[in-house]
Amino acid sequence: MEVAATLLLPLLGALVLAFYGARRAAPEVNAAFSLATLIAAGALTARVIADGPMLVWGEQFFVDSFNVFLVALTAFVGFTTALFSRPYMRVERDHGRVTARRMRLYHSMYQLFMATMLVALLTNNMGVMWIALEAATLSTVLLVSLYRTAASLEAAWKYFILCGVGIAQALFGTILLYFAAEKLLGADGMQALLWTRLDAIKMQLEPQVLGLAFVFLLVGYGTKVGLVPLHSWLPDAHAEGPTPISAVLSGLLLNVALYIVIRCKVLVEGSLGSALPGQMLMGFGILSVVIAALFLYRQRDIKRLFAWSSIEHMGIITFAFGMGGPVANFAALLHMTLHSLTKSAIFFAVGHAAQKAGTQMMDDIRGLVVQNPTVGWGLMLGTIAILGVPPFGVFASEFLILTTAMQQQPWAAPLLLAAIGIAFAAIFGQVQPMVFGEPNGRRLPHPPALIPVFVHLGLVLLLGLYIPPWLADWYRGAAALIGALP
Amino acid sequence: MINLCAAVLLLLSFAMISQRRTVALVDLFTAQGVTLAVSTLVVALGTGQRHMYYSAALTFALKVIVLPVILRRLIRRLGVQWEAESRLDVTVTMIIGLLVVIFAFGLAEPISALATTVTRSTLGIALAVVLLSFLMMITRRKAVSQVIGFLAMENGLFFAAASATYGMPMLIEFGIALDVLVAVFVLGVFFFQIREQFDSLDLQHLESLKEK
Amino acid sequence: MPWSTWPGYSPIDATLVLAGVWLLLGVAGLTAARNTAFVARIVFPLGALVGLMMLGNAIAGIVAPVGARELLLGLPDMPFHVRQDALSCVFLALLGGGSFGISLFASGYFREGPGAAPGLLGFQYHVFLASMAGVLIADDAYAFMVAWEVMALSSYFLVVTQHKVPAIQRAGFLYLLIAHVGALGILLSFGVLQQGSSLTFEAMRATSRPAVWASIAYFLALFGCGAKAGLLPLHAWLPEAHPAAPSPVSALMSGVMLKMAVYATLRFSLDLIGGPLWWWGLATLVLGLGTALFGVVFAAVQTDMKRLLAWSSIENLGIAFTGVGLTLLFRGFGLDALAAIALLATLYHCLNHACFKSLLFLATGSVLHATGERNFGKLGGLIHHMPWVAGLALVGTLAIAGLPPLNGFVAEWLLLQVFLFTASVPQPFIDMLVPLGAALLALVAALSAYVMVKFYGVVFLGLPREADLEQARDAGVPERLGLGWLALACVLLGVLPVPVLRYLQVVSAQLLGTTLGGRLDSWWLLSPISAERASYGPVFFLVGLVLVVVITAAVMRRLYRAGERRAAAWDCGFGRLDARMQDTAEGFGQPIRRMFGPLFEIHRTVPSPTDRAPVYAVRIEDPLWNRLYRPLGRLVLWLADLVSTLQRGRVSSYLLYSFLTLIALLILVL
Amino acid sequence: MIVAFTNQLLELAVALLAAPLLLGWVNQCRAWLQNRRAPSLWLPYRNYRKLFHKDAVLAANASPLFRAAPYVVFGSMVVAAAIIPSLGSALPFSRVADAIALVGLFATARMFMALAAMDIGTAFGTLGARREMMIGFLAEPALLMVIFTASLISSSTSLAAISDTLVSRELAIYPSLAFAAIAFLLVLLAENARIPVDNPATHLELTMIHEAMLLEYSARHLALMEWAAALKLFNYAAIGFALFIPWGIAGRDAGLVELLYAAPLLAVKLLCAGAVLALIETLSAKLRIFRAPEFLATAFLFAVLGMLVHLLLGS
């Protein structure tokens, strides 16, 4: 029931907005649907916490504590982003950067995007998972090119081609998985692609095939996670799309893709019985962190800057999952949550800042605290949070990850720390003059929608100082599900 | 029989790599589609599974009729029939392609040994086709030909699905087909947007977003 | 201590409550951000009061049993642990006492404070105080890191109060960057120390680890603390950040925050890691002495009074770490009695520096308010217009110069005594090399006297170098109270060392297991080793000095009733005396520039003889900028450029990356 | 006990009275060596008396610090005299302040003098102050090292105890002390504004150091300053005796009689010291001000060498 609501509400929303998306009230409708989704997701979460994992509709969908918290997160951030996009898109429209038709496209695609992500999270069927993710790509491609500028077209094109090719690899991987599974589960359609079934028999699955499959799945879905060197589309797509889309892309879509990678990892690890998948993840993680940290210098566009920082954080999370073990997984899940909250909050603030200055070039944004203190402080605090400075929560997860790394992978800890230090210098050095100093540009015409920003940052701060026991147990449960080699 | 199809498929993708002109590429792509449909049919006949028939029909409809038609109309309306030059020169590409194929076979060899199906060796070929189309996408400079490469890759996947595993579950195949279709529509939209921006589909216009 | 025996009184709880009150005060200030009167008349004075209570609590707490608590906050498996032992108490006392004076001063200072909303300042200020208290009572890695970083963060925001000045922004950035990098070092050290997955200090104490790992842990920690304390070569932020901040904040950072680094180093080396090796001590000692000399030499050539004080802070922290080094050295050799003296000397020096450096920074704050000038070249003769500030600053000046019978001398005396004992170290070479340290220490002390004469003489004495200095007004009452409190502390710490040492030696009892015991029996005579070895009785010293002065003066009055009259300065009959003839700050730096030339990078602009409007300027740079920091920055940028060639914007090359990755991984699983 | 206190008072009296005489004596010897008619031995006394009777003339912008300085400087020199054993080592006050404190005292005096010199704001004053402090921060460590060398031998930093132990030992020459003695001599010359570092007999010379600081002083203030200078010379001499030729200084448990014996011995030592000083001053030429650091660096080096020698040979 809750599952149905969670999945169908956004679809309905997409349908409705496809017709009325250009109306004056469309943003409110959008927010309303997101709210409804959030409520449904909340109900679902409560249900799962109450009576554990569940399978619905002939096992086609299933919910356990791993994906339910991502569902809740997705719905929540989706809602706050919708709130933020209200004034933001209004301003865009008033400036004539988007026409009525595109507003319609924007709103309906926004809901569709939410729907696809929720499907990808909730489905039990690897095939459906693939379809949903591909659909997510398709629904966002047109949003990235919403402004029809040369740059946005180029970004969208790269996004499409790279992710399309990537996802094709993933399909090949899925086929191989099916190929390996059907012998055991019979070729009578669906069974052989159900994750729960596969998980049950993963020990008997053919190691060679699964190894091969994992490579394709990793490369495929990894492209969407934005792991270096498959990341090339990410900075462009994040920088050129409308800011709310950037927020959900880097706040949510990356998480979903990573979620799928982890699901696959669980299967493959079980079958191979070796640490190889974990090592691959760690390798990608380290590479992403280091390279992204270096890319952070030389950035001129503020949204690009934070796009790279998303790559860096995805690297950290991937590394943590690669290490495995209760603590690392716990930390990785925590970091996923915190990164989504913080990064989307930053993008909200950035959006307003960019609108205020009329450009995304950092050199032209100065002295935010003087004219719009809330925007300035939002950006400053968000940046500090994402850089992993206490008391904000991101530090908590990084702390756990690093201390665990020092126990299990001592070689990696210095690399990670160096990268984090470099990233700190790069990002903070560029954000500080934007927030402080002599102001330029004018005040914002509309009052900025900063409730989302400060709600997010408040949560992040809270999680840094106090993680309520129920949440902790929930994470523990999820971490246990992912597990790792003994 | 199925192996023959496989061989043809491989041959066709080689032809694609070497082919310069866009229209010809589309023809080759159609041919691939036909081969694919045939091979699926063969498998269906061989195993007598119902959903393979559907799958064959679907393949035929999509890959032989819908997509080529769309592509042709696009190309005509964009007026890019005659352009399509490969970045590396053909022989080099061929040699690399050859290496890739060998690699793919080597990779698939132990696996197809495990296959219970009649169509053991095809997996390697499917993989080869996928990698070859990948190679083609890398070497092409025109948007259209890249897209065709992308679709060819999908063909390889379909073939893998059909031959190595007697096809994926129906639902999945429909989903995939739908996605591909949507993708092509989206691409169509793109072509026009890109062209109205840069009045050309040459990808070197799309190289402004970079770090250096 | 009467109240230490009250039923239900527990120092740790009291500390927690007081820190909480600080936070609440901050929030209260934030709610009335623009209400200057409220912030100045209510928030800061209350904060000062809390500081005083913190002092009392720490004094009482040191004799109370060690208390530990687990808070509800923190990570799921790792709630915040807090614990208050003697070491914490000493530094809490330092925090409380220092912040009492500084907050009093601030309540007057921020009344017409700089642009930013006073409430916001009040918030950051009190969060800063609370976070320092947190550092001192933290008892697990996570709590410590959080407090440590919040300390850096809040002080960063205070530093960039006047963020419209680009230089101040740069200073703030440098500060936060180095602080963060240092924090990462400490984090790494914790990672080395952790036991299983338990990161509580309890677990770290409980275990002993192989020498290699212990050493790695110690030097990582030293790196982190050095970054906070401004040890070479991580000092670059200090002379930038301290002058940038509003004066009370400079005072708080210099006088109190830097000591947190000393605390952390002691905590790591003697408590968490335990069993220090003698060569850690040697390394720390060398580092400390080097820093001290470097700092004082650079202080001597500064032309900005706050920068001068900042460099002198580097010097003093260097001395403190010298003490730490000696402690570890002796501890490493098992000479605990000597280690105890060295430890006490270190702690004593921290207390001293907290008093006189805060005092001097606050004095510069008053001068800044009265004149709007920080540059020596535009000051002078303020003793006539600001008698209070000048008088109280004189106490600080004499104290920091290490003159008896003020407090600076006591620590110096103890340290020199300890140095004289290294001859008894059972290690060839060390026993010879270390006494040379005494020579260096003496040199540093003497140089600091030179620096202080320059500071005081140029600012307060002589003729005003600018006309509008005539309008300078003396500081208000709250400022005087703050200054007075700190000056009083300087005198008391100087004259009554024995009671203070009795208080301090609880620390050595807990950390080293030894005390000075009976050697502190007589309340007036300080003889740390033995009566005939060495003794120092500042009370009677002072009495003697005063007696002689008074008698001489009285004799003068009685016997010779010669009057006195005022006239223009004689100046060798030169006549037209004017302020420009006085020696400038640059002039004062000149001998140092000559003697320690190799330490500086001096950029001179000398005009040509035919120059119509000749300009002569000397800019002195810290060589480490060009030798260390800039190359490091260039390296990172070079790497950045290197990797950014990967992102050429060409789809097909991106596809190639994916393709190659695929192939590589396939080969991997093959 | 009685003895100790009489000793203490006696020491003070001797120091106060003998210091000007020592100065006079040095000047006399110098005059003789330079074939001049020597001034009277009592000239310093007359000088002070005259100055005490005059009215003090203060610069218009002289601050209280300027007026307090002479008393503080004089006071600290007197206290210093109370610490250094010249007649007997049974000094109650030497327990209050040891050799390190003594160095501290000299520093106090120097600092006040320098501050007072800067107070008026004349070019000469500030110049003198700067140079004095420069000499100071080089001489002070050297002096400390000298004392440390001695105190390593006697394992005590109290001058009384040091001289005590050195006396009680039989006539042994410590090589370390030899080095220390040379260093000490150099420091003494520099600290007491003697040639080759400074010229006590000049005014209005651009190279002057000590005198430059006193330019603005007059009458009683000037007298106190000069008397303090004399005391400083005497103190240094006494330190030298206590460290290097302690023989004749009455021991800790000595009676009044020994003290009386000690007196003439001290006189003899002073006479010789004065003569030697005068000789050195006559034979050597004044250094350029920027040679002074090298001069003192040499002193510092010798002192450190002395210490090393001690640590090496254990003697």
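Helix axes are lines fitted to C-alpha atoms over the stretch in contact, and angles run from 0 to 180 degrees between N-to-C directions. Helices (H or I, at least four residues) and strands (E, at least two) are DSSP runs, numbered from the N terminus. The model is predicted: local features need pLDDT of at least 70, side-chain atom pairs count only at pLDDT 80 or more, and totals for chains, interfaces and linings use all residues. Residues are numbered from 1 along each chain as its sequence is written, while chains are lettered from A and ligands numbered from 1 in the order in which they are written.

In chain D, helix 6 (residues 123–154) packs with helix 7 (residues 159–168): their axes come within 9 Å and cross at roughly 60 degrees. The two helices of chain D are therefore oblique to each other. Angles under 35 degrees count as roughly parallel, over 145 as roughly antiparallel, 65 to 115 as roughly perpendicular and the rest as oblique. Helix 6 of chain D contributes D:Ala150, D:Ser151 and D:Ser154, which meet D:Ala161, D:Ile162, D:Thr165 and D:Leu166 of helix 7 of chain D. Residues are in contact if their C-beta atoms, placed from the backbone, lie within 7 Å. This contact holds 4 nonpolar, 3 polar and no charged residues. Ala, Val, Leu, Ile, Met, Phe, Trp, Tyr, Cys and Pro count as nonpolar, Asp, Glu, Lys and Arg as charged, and the others, Gly among them, as polar.

Helix 12 (residues 302–323) of chain A and helix 13 (residues 326–357) of chain A pack at about 175 degrees, with axes 9 Å apart. Helix 12 of chain A is therefore roughly antiparallel to helix 13 of chain A. By class, their contact has 15 nonpolar, 5 polar and 2 charged residues.

Strand 3 (residues 564–567) of chain C runs parallel to strand 1 of chain D, joined by 4 bridges. Strands pair if DSSP finds at least two bridges between them. C:Arg566 stands opposite D:Leu58. In contrast, no contact joins chain A and chain D, whose closest C-alpha atoms lie 41 Å apart.

Methods:
Contact = placed C-beta atoms within 7 Å.
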